[in-house]
Amino acid sequence: MAENKKSKAQATETTEKVMTKYDKKVQKRKEEEAKAKKLRLRNRIIAIVVAVLAVAFVAYFPIRKFIATQTAYIEVGGDKVTEVEFEYYYNSALGNFVNENAMTILFGGMDPYGDLTKQNYTENITWDEYFQSQAVNQLIQTKALVKDAKSYGFTYDTTEDMEKYLADLDKAAADAGISVKRYVAATYGKFATVKKLKPIVEEAMYAAAFYEEMTESKKTTDEKVLTTYYEANKDSFDSVDYRVIEVAAEFPEAEEDEDVEITDEQIKEAMKEAKKKAEDLEKKIEKEAELQENAKKASLKSVYRDWLFSADRKEGETTIIEETSFNKYHVVQFLGRYLDDTNSVNMRVIMTTNDYSDAILKEWESTGADEEAFIALVKKYSEDSTSKAEGGLYENINATSLAEESITEWLLAEDRKAGDVEAISTEQSGYYVLYYVGEGQPEWQQSVQATLLSQAMETYLTNVTADVTVEDSKGKLTYEEAFAAEEAKSAE
């Protein structure tokens, strides 16, 4: 028996010794997947439990409910904000953050279902204080936009938006396996109900519609303005073609055992050898390195982006750049710098979840086989609510606009001409009938336009929210003090 125990121990020890870095990665990945599965199950259970507890809490504390729904929790821009409204914005910010950062949260230590007042976002700021700040910032913007919209006499019917919102609530509750009442309380706060949320959500929709209106009004289409901005900011919009090879210093012992400490002397020797290899590769970089084309400055590694975009760079010039922090060298060759003047394209689309493609094409041919006939079929068959009202029109599409590669390839084919029609089926998103309208705005103009619009809207929001004050007479908010402490710490 003792011998058996000994042999098992020896076997275990041997296994651990020969376990490679790849094996460790596979094992770690399996553990992460198991943890993710457990968290997904836990999230579903917690959502249901929280909903039940929230409803029970409301039932037994009617005075607390009155305070939360009728009295001012804080004031923003002179408007009373109830606890229900504040919780709506707080939980919306939390929900959006969780959706956008699911994997980071899972392995980063934050528990969105735990007590956020006891979890740190930074050294001086808790996650609760972070989402307080997000909620207040959004409230400030909403109240400011509503006030400005009314000063312009802006009107907007939220009926259709609200119907969709309520339908989405019904579906989400059904997917969670609970009632809408419980889902709303679990998602937006223990005192939230559909009836109490309705005016809050409608105000947010009104503000969003006005923001969209202002965005449209501030778009710059004047080619002279776009060109002038480009000329003053070429580095942000130009492209380069180049070749690059990475040469990393080699530490064989460290690769075998992650616990091995590398001395400064070993680093020096390894870097010396890497430099020799880099110098040899520099002489034959055209054969050894892969061509990189149409790269924007923002997409390049910081270690060599400035070298490639230097104004005095010559075609064919090479260099070797050391990256000390990662113990490697980069062998780089500059091939050219230019403004990519590729045009985007415009198209119309009929999207269906069932394959009616052939029937639609035949009907199009029999009803005129032109753009007007296609628009009529969009209204009749398309299930794409985003573009249906505009006759299926999508404008200024470029190579990165669409997820479906087959559609992108067809649209951007060199022989594509106005009036071309094609049916394309995809495994993931359904069936499409496409109508090629023609070339759109050059991509560089789109990029400049987007930059100018972003700057204009940032300035607008800064101005429109400048005089909006936040009153916290009941001391409900703690984020300002925490953010001040963080700023003071950074200053030190």
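Reply: A residue is called buried when its relative accessible area is under 20%, exposed when that area is over 50%, and partly exposed in between, with a 1.4 Å probe and protein chains only. Helices (H or I, at least four residues) and strands (E, at least two) are DSSP runs, numbered from the N terminus. This is a predicted model, in which local features need pLDDT of at least 70 and side-chain atom pairs count only at pLDDT 80 or more, while totals for chains, interfaces and linings use all residues. Residues are numbered from 1 along each chain as its sequence is written, and side-chain values rest on heavy atoms, with hydrogens and water left out.

Me: How many of the eleven residues of β6 are buried?

Reply: Eight of them are, so that strand is mostly covered.

Me: In what order do the four strands of the open sheet stand?

Reply: As a general idea, strands of a sheet pair through backbone hydrogen bonds, either parallel or antiparallel. Two strands count as paired if DSSP finds at least two bridges between them. Here the order is β4-β3-β6-β5, and the pairing is antiparallel. The edges are taken by β4 (291-296) and β5, each of which has a single partner strand, so one side of each is left without a neighbour in the sheet. Neighbouring strands of this sheet are turned by 35° against each other on average, direction ignored, where axes are lines fitted to C-alpha atoms, for helices over the stretch in contact, and angles run from 0 to 180 degrees between N-to-C directions.

Me: Which residues are bridge partners in β6?

Reply: β3 and β6 pair in the antiparallel sense over ten bridges, and one of the pairs joins V244 to V332 in β6. On the other flank, β5 (residues 318-323) and β6 (residues 328-338) pair over six bridges, again in the antiparallel sense. I321 has H330 in β6 as its bridge partner, while E323 stands opposite K328. Helix α13 (residues 264-283) packs on the sheet, touching β3 (239-248), β5 and β6, and its direction makes about 30° with that of β6.

Me: Where else is phi positive in a residue other than glycine?

Reply: N294, which is placed in strand β4, has phi near 50°, and at 33% relative accessibility this asparagine counts as partly exposed. A369 also has phi near 50°, but lies in the loop between α16 and α17, and is partly exposed at 36% relative accessibility.

Me: Against what do the buried residues of α17 pack?

Reply: Contact means heavy atoms within 4.5 Å. The buried residues of α17 (residues 371-381) are A373, F374, I375, L377 and V378, and they pack against β7 (343-352), α16 (357-366), α18 (385-388) and β10 (430-442).

Me: At what angle do α4 and α9 pack?

Reply: Helix α4 (residues 83-100) and helix α9 (residues 194-217) pack at an angle of about 55°, with their axes 10 Å apart. The two helices are therefore oblique to each other, since angles under 35 degrees count as roughly parallel, over 145 as roughly antiparallel, 65 to 115 as roughly perpendicular and the rest as oblique. V84, E85, Y88 and Y89 in α4 meet K196, L197, I200, V201, E203 and A204 in α9.

Me: With which residues is V470 in contact, leaving aside its neighbours within four places in sequence?

Reply: V470, found in strand β11 (residues 470-471), is then in contact with E75, V136, I140 and L477. The C-alpha atoms of V470 and I140 are separated by 8.0 Å, although these residues are 330 apart along the chain. V470 itself is partly exposed, with a relative accessible area of 28%.
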